[in-house]
Amino acid sequence: MRLRFPMDNQRVADMSLIDETGERYVRMAGLACVGSSHINGVARLHTQLLKDQVLKDYHCLWPDKIINITNGVTPRRWMGVSNPKLTALITEAVGEDWLNNMEKLSDLEPFADDASFREKWYQIKRGHKEQVASLILKRFGFVVDPDSMFDVQVKRIHEYKRQHLNILHLISLYWRLKNEPDFDMVPRTFIFGGKAAPGYFMAKLIIKLITSVAEVLNSDPVTRDKLKVIFRPNYNVTIGQIVYPMADLSEQISLAGKEASGTGNMKFAMNGALTIGTLDGANIEIREEVGAENFFLFGLTAPQVFELKQSGYHPLDIYHSNDRLHAVIDLIEFGHFSHGDRNLFKPLLDSLKFNDEYMLFADFQSYIDCQQKVNAAYADKEKWLKKSIKTVARMARFSSDRSIREYCGRIWQIKPVEVLSG
Ligand SMILES: *Cc1c(COP(=O)(O)O)cnc(C)c1O
């Protein structure tokens with residue numbers, strides 16, 4: 001570094017593998033950059049953030065090292081194994097071997113305009129929902145309506161993924177059902193799943209909020225026909241294989257710039273769920289592929305997040321100027337979901353009101369408005385089904401076959417060999 005930038009002591013210190021600004025420690029990311037031949041940004045936005053911000057100095061030193069190969073998921077597991085009925089229906093439409101050659105999926109697109117095909121598509125989704133409804137009845141002892149919209153957020157519990165933004169929306173629906181006699185909505189079943197890291201207090205408090213809200217809503221006679229809330233503990237790949245096929249709506253609502261790629265977003269879309277999401281990670285590329293008209297977009301963009309942080313973000317001002325948000329926060333604050341205990345959720349509410357690092361308040365109104373559009377779209381069954389079929393037909397790019405092929409060509413420099421069977 002001293003040879004390359006002789007006068008630039010600051011740069012040398014910034015890039016040293018030992019941080020010496022305070023107590024000395026090894027910079028693990030720096031070590032990884034030096035030791036690697038390539039660094040992959042797992043979605044286009046993530047790659048750009050690595051180049052422009054996170055690893056700026058390394059990108060300046062080695063401009064060809066950071067590359068973009070957007071993630072993919074294996075359609076054999078996430079369609080073939082987890083959703084055999086949908087797989088069989090697609091095979092009827094486009095022919096054999098599309099699971100190994102996802103480009104063939106584009107032949108599915110015209111079937112969106114075939115009413116009898118749409119009905120078969122609907123019945124498969126409906127079958128998964130019925131199955132899950134009877135599982136819930138057995139395990140939790142209460143009824144969920146398989147005709148309700150299954151609104152699903154399954155992923156690790158983290159503040160940046162904003163499960164609590166989802167909860168704020170669901171409380172706002174609850175509040176409207178209780179306080180606005182003319183308010184009507186399509187019935188929804190909210191399904192959450194995910195683990196919190198053992199020492200992550202705030203993530204565990206978010207789980208507590210979900211289960212506490214569930215307890216109140218599921219037994220409220222005024223709202224329980226419209227709103228149900230389920231939290232599935234011990235979420236894992238085996239549970240995932242049941243969850244992705246039964247979802248109507250996929251929640252991909254991280255603060256823009258925080259989700260490197262996401263892969264759950266791909267698994268949902270391959271199983272015919274429509275996405276509500278921010279312009280984050282691979283959501284951006286999924287939206288480009290499936291078409292803006294088939295994606296429910298809301299929220300700040302990554303550059304807008306950056307600007308707002310720079311200019312000074314004041315969540316408390318939003319709280320005081322947005323009546324709906326105020327009402328929702330107050331319900332939690334006054335102990336409505338915690339048997340009158342005003343302290344239980346205080347750490348979570350204080351962190352939102354006085355800091356809100358992940359800008360839930362900034363995206364709240366946009367999210368609520370977008371969810372209203374989701375509600376209207378779901379009410380039009382045939383239109384929703386068309387969107388669902390077109391989404392699946394346009395997901396070829398997110399097969400891991402494509403991403404692994406790119407790794408072979410651009411990083412490992414290896415060519416495929418034919419595997420002789422028998
Ligand atoms: C796909 C998957 C994830 C990743 O989900 P994201 O929504 O991309 O965070 C996490 N856990 C399990 C069990 C998965 O199958």
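The following legends describe views of a predicted model.

**View 1. Overall fold of the chain.** The chain contains 19 helices and 10 strands (DSSP runs, H or I of at least four residues for helices and E of at least two for strands, numbered from the N terminus). Its radius of gyration, taken over C-alpha atoms, is 23 Å, close to the 22 Å that the globule rule (2.2 Å times the number of residues to the power 0.38) gives for 422 residues, so the chain is as compact as a globular protein of that length. The C-alpha trace spans about 75 × 65 × 35 Å along its principal axes.

View 2. Of the 422 residues, 53% are buried (under 20% relative accessible area, 1.4 Å probe, protein chains only). Among contacts (heavy atoms within 4.5 Å) with a separation of 6 or more, 73% join residues 24 or more positions apart.

**View 3. Strands E8 and E9.** Strand E8 (residues 249-252) runs parallel to E9, and four bridges join them; pairing requires at least two DSSP bridges. Leu249 stands opposite Leu274 in E9. Strand E9 (residues 274-277) is covered on both faces, with Leu274 and Ile276 buried on one side and Thr275 and Gly277 buried on the other.

**Numbering and criteria.** Residues are numbered from 1 along each chain as its sequence is written, and side-chain values use heavy atoms, with hydrogens and water left out. Local features need pLDDT of at least 70 and side-chain atom pairs count only at pLDDT 80 or more, whereas totals for chains, interfaces and linings use all residues.

Notes:
Buried < 20%, exposed > 50% of the residue type's maximum accessible area, 1.4 Å probe, protein only.
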